[in-house]
Amino acid sequence: MDSAIQLCLPYLRNCDSSVLCLDENTLGSIATLPNSCTIVSNRFDVAAQSDKAIFCDWDIKQGRETGNIDCLAFRLSKEKAVNHHIINQALSVLKDSGELVFAGQKNQGVKGYAKALKNLLGNCEIEKHGLDYLCHATVTKQQNITPLDDQDYQELRPCLEHQGFDIQSKPGQFGWNKLDQGSLLLLEALSTELKVKPAKKILDLGCGYGLLSVGVALNNDLELLIATDNNAAAVASCSANLSKVQEYRGQIPVGPAPYLVIADDCAANISEKVDTVICNPPFHQGFDVENQLCDKFLKSARDHLLPSGRAYFVVNSFIGIEKKAQRFFQQVDCLVNNKQFKVLKLS
């Protein structure tokens with residue numbers, strides 16, 4: 001279990017009503033929670049572990065009356081806007097004298113969040129536990145509280161441009177405000193590959209905000225495009241972007257293809273078979289190729305392919321997944337390696 005979440009658990013016990021926010025850092029933390037606790041997560045795989053969990057894009061207030069929660073706890077996210085958004089919602093759903101608890105490490109800015117909350121509420125205790133810090137504040141409803149700046153977290157915003165197409169995104173997902181160079185390299189390789197052997201059905205495995213999906217949708221006549229991701233913000237962003245592509249394609253002679261965006265854990269609940277899988281997996285600096293995550297994505301790609309299908313992965317050049325890929329595919333070819341990223345064709 002995540003050590004920071006462990007620090008929060010005592011505050012959740014003996015409450016009539018409590019909420020625990022869990023993200024990708026907190027897998028395995030659910031089993032020890034009290035029965036009175038509701039889980040809110042932006043991760044499909046985390047929420048799927050409990051029938052009491054709510055999968056959403058940190059919409060903690062959904063279906064709740066304001067001021068009816070005794071305690072809300074969360075582990076600091078990597079995104080400042082996400083942390084501010086959760087704190088703002090906590091101030092709305094907590095009862096008078098309700099407890100707001102969060103934990104994280106110094107390099108995650110935990111002291112800065114504690115200071116901001118103390119300025120906001122007039123109180124916030126902070127305790128050091130090894131590398132982790134635990135912060136605890138009491139909310140008094142009589143106070144006139146000005147929300148923290150969460151960059152309008154709930155709103156999608158045009159952030160990027162690709163081939164003249166405006167792409168919408170938001171904080172809370174990997175690379176939300178940049179054109180990932182690995183994805184652009186994969187799209188460049190696909191432009192050649194799909195001219196030789198056109199794709200009809202494509203699965204974008206781990207779609208993020210949808211750069212790969214938008215790229216193939218703009219440049220190929222498809223029967224079906226399925227984009228899937230574990231992250232609620234990514235699903236919302238990709239859905240919005242593919243809706244815009246579908247509107248655009250409806251204005252040109254060829255009709256738009258069905259574009260489906262599905263929240264799922266590495267396409268585990270998607271039964272459709274496709275001729276092409278495209279994937280920029282979450283393997284970043286420091287990734288260990290022995291990690292189960294590598295097998296998970298490779299196996300899912302293989303299982304969703306038709307017999308003559310192929311999968312295209314882009315990964316950092318230093319990540320040696322070729323040997324592991326040979327366990328799942330008969331042929332592994334490197335189409336391009338620019339010393340930063342490489343594109344693999346698996347068939």
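Is S308 buried or exposed? Select S308 and see: it is exposed, with a relative accessible area of 54%. Here, buried means under 20% relative accessible area, exposed means over 50%, and partly exposed is in between, using a 1.4 Å probe and protein chains only.

Before moving on, a word on what you have open. This is a predicted model, where local features need pLDDT of at least 70 and side-chain atom pairs count only at pLDDT 80 or more, while totals for chains, interfaces and linings use all residues. Residues are numbered from 1 along each chain as its sequence is written, and side-chain values use heavy atoms, with hydrogens and water left out.

**Stop 1: from S308 to V214**

S308 sits in strand β14, residues 305–316. Helices (H or I, at least four residues) and strands (E, at least two) are DSSP runs, numbered from the N terminus. Now draw a distance from S308 to V214: the two are 94 residues apart in sequence and 24 Å apart in space, C-alpha to C-alpha.

**Stop 2**

Next, click on S213, which is found in helix α6. S213 is buried, with a relative accessible area of 0%. Leaving aside neighbours within four places in sequence, S213 is in contact with D204, C207, L225, A227, C238 and L242. Contact means heavy atoms within 4.5 Å.

Two of the helix pairs on this tour involve α6. Two packed helices are described by the angle between their axes and the distance between the axes. Axes are lines fitted to C-alpha atoms, for helices over the stretch in contact, and angles run from 0 to 180 degrees between N-to-C directions.

Show α6 together with helix α7, residues 232–249: their axes come within 10 Å and cross at roughly 10°. That makes α6 roughly parallel to α7. Angles under 35 degrees count as roughly parallel, over 145 as roughly antiparallel, 65 to 115 as roughly perpendicular and the rest as oblique. To see the contact itself, display S213, V214, A217 and L218 on α6, which meet C238, N241, L242, V245, Y248 and R249 on α7. By class, this contact has seven nonpolar, two polar and one charged residues. For these classes, Ala, Val, Leu, Ile, Met, Phe, Trp, Tyr, Cys and Pro count as nonpolar, Asp, Glu, Lys and Arg as charged, and the others, Gly among them, as polar.

The axes of helix α5 (residues 181–196) and helix α6 (residues 211–219) come within 10 Å and cross at roughly 25°. That makes α5 roughly parallel to α6. The crossing of α5 past α6 is right-handed; a crossing is right-handed if the near helix is turned clockwise from the far one by less than a right angle, and left-handed if anticlockwise. On the α5 side, pick S183, L184, L186, L187 and L190; they meet L211, L212, G215 and V216 in α6. This contact divides into seven nonpolar, two polar and no charged residues.

**Stop 3: the largest nonpolar core**

Which residues touch the most other members of the largest nonpolar core? Colour L72, F74 and L117: out of 33 residues in that core, these are the ones. A nonpolar core is a set of buried Ala, Val, Leu, Ile, Met, Phe, Trp, Tyr and Cys residues joined through side-chain atoms within 4.5 Å. Two or more residues each come from β1 (18–22), β4 (69–75), α3 (80–93), β5 (94–105), α4 (110–121) and β7 (132–139). Apart from this core lies another, of 31 residues, among them I167, L186, A189 and C238.

Zoom in on F74. Not counting residues up to four places away in sequence, F74 touches C8, L20, C21, N83, I86, I87, L100, V101, F102 and A103.

**Stop 4: α3 against α4**

Show these two helices: the axes of α3 and α4 come within 12 Å and cross at roughly 30°. They are therefore roughly parallel to each other, and the crossing is right-handed. K80, N83, H84, I87 and L91 in α3 meet Y113, L117, L120 and L121 in α4.

**Stop 5: two loops**

Select L148, in the loop between β7 and β8 (157–162). L148 is buried, at 14% relative accessible area, and is in contact with H84, I87, N88, A116 and L120, leaving aside neighbours within four places in sequence.

In that loop between β7 and β8, find Q151. Q151 has a positive phi of about 55° although it is not a glycine, and at 38% relative accessibility it counts as partly exposed.

Finish at C266, in the loop between β12 (259–263) and β13 (274–279). C266 also has a positive phi of about 55° without being a glycine, but C266 is buried, with a relative accessible area of 11%.
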